[in-house]
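Please look over the model shown here. The paragraphs after it go through selected parts.

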Amino acid sequence: MVNNTTHRKKSIRTWLPTALLLAPASLWYLFLLIAPLVIVAVFSFGARAPEGGYAPAFTLEQYLKLPTRSTPFVNTLWLASLGTVSCILIAYPLAYYLATRASAKAKSILVALIIVPFWTSFLIRTYAWVTILSSRGIPAILASLGIVHDLVLLNTPFAITLGIVYNYLPLMTFPLYVSLERLDKRLLEASKDLGANRLATFFQITLPLSASGLITGSMLVFILLMGEYLIPALLGGGKIFFVGNALVDLFLQSRNWPFGSAVAMALNFIMIIIISVYLWLTSRLGGESREEVSLF
Amino acid sequence: MRDKITTSLRLYSILIYIFLYFPIALVVLFSFNSGNYAADMQGFSFRWYGETWRDPFVLEALRNSVFIAATSATLATVFGTFAALALQNVRGWLRTLYDGLIYIAIIIPGIVIGIATLIFFVQFFGWLNPWLQILFGPSAPKFNLGLPTVIAAHTLFTMSIVLVIVRSRIAGMDRSLIEASNDLYATPFNTFWQVTLPQLLPAIMAGFLLAFTFSFDDFIVAFFVAGPNTTLPIYVFSSIRRGVTPKINAIATVTLIMSLGFLFIVQYLLTRSNASAKKDGE
């Protein structure tokens, strides 16, 4: 009995400060993350008020209208895929070099140099390419050299893909580097000793064992690209619309909130699918690599 | 054969580093251009820095950005550190819930946060303002989108970043000192103030600087919830839309130098705190 009350007193003494310390963060998560996402879900079933904004209703009308706005989704999905694959192809050799060939001393600096641009302003990094690709930039230089005339680089799918690779390369390189760094180098020697050539070693050992970094990097890049606004707005010149551009238009310009909410819900749905695939892949991978380790 | 591959990989990596830094370097270079066009070099001068500094719109945007970043970084640091300390004592489903929320707040694209916060505040103010009118009459304050809404939205994700940084420092902290302090009859408050906090301070300061940088550089969230106000990124964005002016290069250079300086301090604080954690462990 006595034990019980002291126990209870002690538990009050721990949970009360815990609850108080957790209160501000909890308020923020409740009112600025959970509640708003619930409101977006509710709005997506609503109707548009005559003066813009939201009128209460329960209808699937907004979702049925989604196919009429499929272009931004198609653009986003294919350019995000192209951008992610380009990031993988360009980042892999770099991550491989950093993890296996760079000297231990240079490594930490070289890895830091990859991450630094990622923490600087996204807007400024994208703006830099606007200057380079605009008619006064590379096209002007090429024209003055007499190589190509009237080359248009800005406002093309190429400019958007370049912007994606430039901005998201660090995000792909870092997880790849971490997974390659962790790779047990003795496996590579064993493979060589057993007579496998370089290509076979790469495809049978290096690539599968760096799969976790590959998947993490791809998921991060793809998810952020789903909400991308600045790259298509500045490098695509508003000609190639992404979902992000459609959302800005629907919420800030035409003020069609219910339809905008339906578009946002579709975007959230795609992101949930990506995260589920990611979790499924990593859990499968985790199981397999454990088995492999136990085999040795 | 191996050397050949190493050499070509090294060459390739050098090219990638040039690719990563060349555009940024170009912006810095152009900012010192005396000519009228961003991409048309005339000669070295500080002309555009002077013109930028005298532009009242730039100064207004800069003031707003600094105010938003300083306030939201302070809130984020306090709330994030509090939550990181509290979550040590939370287990089970509640812990899973918070881990999920932290993860979502960090990974979710800014545009979704922007939209959600916009809708929330517009609905909330739409409900609140009539009540204020009824209670306090026509002179009652009327709430609208503005700098406070940007601060609230920024605090959501910067708070989560501070939380993650401080939490990893707590995990690497030397617990024997806390136990010793408790054994020597220090009150929990004194133990926290004299033992725990000094160990966490580098991580807390690093979190503050990262939060400040994130808030200062953010465009998309502010674009949605700033109402009629401009921040520096909103000003830069609309200037690019209107046509590139050399002033943007000057603003960009100053912003870049600030972020790089902060990042350098963050790196220093975190490596030093990790090194001392290792030393403590020995």
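The model is predicted. The predictor assigns the complex an ipTM of 0.88 and a pTM of 0.88. For chain B the average pLDDT is 88, and 94% of the residues score at least 70.

The two chains touch through 54 residues of chain A and 61 residues of chain B. On the chain B side of this contact, helix 1 (residues 2–31) of chain B gives the most, with 12 residues. Sorted by class, the side of chain B that touches chain A holds 47 nonpolar, 11 polar and three charged residues.

Two packed helices are described by the angle between their axes and the distance between the axes. Within chain A, helix 7 (residues 157–182) and helix 10 (residues 211–226) have axes that come within 7 Å and cross at roughly 155°. Angles over 145 degrees count as roughly antiparallel, and helix 7 of chain A and helix 10 of chain A are therefore roughly antiparallel to each other. Their crossing is right-handed. Helix 7 of chain A contributes Ile164(A), Tyr168(A), Leu171(A), Met172(A), Pro175(A), Leu176(A), Val178(A), Ser179(A) and Leu180(A) to the contact. Helix 10 of chain A contributes Ser212(A), Gly213(A), Leu214(A), Thr216(A), Gly217(A), Leu220(A), Val221(A) and Leu225(A). By class, this contact has 12 nonpolar and five polar residues, and no charged ones.

The second pair lies in chain B. The axes of helix 5 (residues 110–136) of chain B and helix 6 (residues 147–171) of chain B come within 11 Å, crossing at roughly 135°. From helix 5 of chain B, Ile113(B), Thr117(B) and Phe121(B) meet Thr149(B), Ala153(B), Leu156(B) and Phe157(B) of helix 6 of chain B. The contact of these helices comprises five nonpolar and two polar residues, with no charged residue.

Thr131(A) belongs to helix 5 (residues 122–133) of chain A. The cut-off for a buried residue is 20 or more other C-beta atoms within 10 Å; Thr131(A) counts as buried because it has 22 C-beta neighbours inside 10 Å. Leu154(A) is 23 residues from Thr131(A) in sequence, and the C-alpha atoms of Thr131(A) and Leu154(A) are 9.3 Å apart in space.

Terms used: Residues are numbered from 1 along each chain as its sequence is written. Chains are lettered from A and ligands numbered from 1 in the order in which they are written. This is a predicted model: local features need pLDDT of at least 70, side-chain atom pairs count only at pLDDT 80 or more; totals for chains, interfaces and linings use all residues. Helices (H or I, at least four residues) and strands (E, at least two) are DSSP runs, numbered from the N terminus. A residue is buried if 20 or more other C-beta atoms lie within 10 Å of its own, exposed if 12 or fewer, and partly exposed in between; C-beta atoms are placed from the backbone. Two residues are in contact if their C-beta atoms, placed from the backbone, lie within 7 Å. Ala, Val, Leu, Ile, Met, Phe, Trp, Tyr, Cys and Pro count as nonpolar, Asp, Glu, Lys and Arg as charged, and the others, Gly among them, as polar. Axes are lines fitted to C-alpha atoms, for helices over the stretch in contact, and angles run from 0 to 180 degrees between N-to-C directions. pLDDT is the predictor's confidence in each residue, from 0 to 100. Angles under 35 degrees count as roughly parallel, over 145 as roughly antiparallel, 65 to 115 as roughly perpendicular and the rest as oblique. A crossing is left-handed if the near helix is turned anticlockwise from the far one by less than a right angle, and right-handed if clockwise.
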